[in-house]
Amino acid sequence: MSIVSVDAGAVPDGSFVGRRDELAALGHRLAQAARGRPATVVVGGEAGVGKSRLLREFVAVSGAHLGHVLWGSCISLGSGEVPYAGLIDALRRLVREHGDEALREAGEVAYAELSGLVSAFVGDGPDRPTSQLRVFGAVLRLLDRLGA
């Protein structure tokens, strides 16, 4: 696997400005992953500050080096939040992209454990995971399987 270098100045759309440091930080995490070291990035902030745009630009700049980008969005529901909304959205996108059967095969038990979270998942997996610890463990196992 090659070492990845992302040129933060090589933004495809000239109107994207002021995020050179953030693009460099994302490039650093991508380089870590390319060297086989686990790397996770969570991008957060208020609605409209440019989180999605930052990630779209990063994917455009470093696209040839990316294996797969898994992302999910959360929406504000006024006073409450949907538990695991970002995770559920990301998993639904993954199912649409690769199909339920391919993910069931690749993710094995971890996929079955998470299938209860998302109505788009089908099959006879165990009951919906309820504790955060169980959900997070299943997510880690799924990502490990998919990464392998």
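Colleague: Which helices do the buried residues of helix 3 pack against?

Modeller: Those residues pack against helix 4 (100-114) and helix 5 (132-147). Buried means under 20% relative accessible area, exposed means over 50%, and partly exposed lies in between (1.4 Å probe, protein chains only). Helices are DSSP runs of H or I with at least four residues, and strands are E runs of at least two, numbered from the N terminus.

Colleague: What kind of model is this, and how are residues numbered?

Modeller: The model is predicted, with local features needing pLDDT of at least 70 and side-chain atom pairs counting only at pLDDT 80 or more, while totals for chains, interfaces and linings use all residues. Residues are numbered from 1 along each chain as its sequence is written, and side-chain values use heavy atoms, with hydrogens and water left out.

Colleague: How many helices and strands does the protein chain have?

Modeller: The chain has five helices and zero strands, giving the pattern α-α-α-α-α along the sequence. Of its 148 residues, 30% are buried.

Colleague: Back to helix 3: what is its reach from first C-alpha to last?

Modeller: As a general guide, the expected span is 1.5 Å times one less than the number of residues. Helix 3 (residues 85-98) has 14 residues and reaches 20 Å, close to the expected 20 Å. Its buried residues include A85, I88, L91 and V95. Just after helix 3 comes G99, with a positive phi of about 90 degrees.

Colleague: How should I read two packed helices?

Modeller: Two numbers describe such a pair: the angle between the axes and the distance between them. Axes are lines fitted to C-alpha atoms, for helices over the stretch in contact, and angles run from 0 to 180 degrees between N-to-C directions. Here, helix 1 and helix 2 pack at about 55 degrees, with axes 10 Å apart. The contact (heavy atoms within 4.5 Å) involves, among others, L23, L26 and L30 of helix 1 with L54, L55 and F58 of helix 2.

Colleague: Which word describes how helix 1 and helix 2 lie to each other?

Modeller: Under 35 degrees is roughly parallel, over 145 roughly antiparallel, 65 to 115 roughly perpendicular, and the rest oblique. Helix 1 and helix 2 are therefore oblique to each other.

Colleague: Is P38 buried or exposed?

Modeller: P38 is exposed, with a relative accessible area of 80%. You will find P38 in the loop between helix 1 (20-34) and helix 2 (51-62). P38 and D144 are 106 residues apart in sequence and 9.9 Å apart in space, C-alpha to C-alpha.
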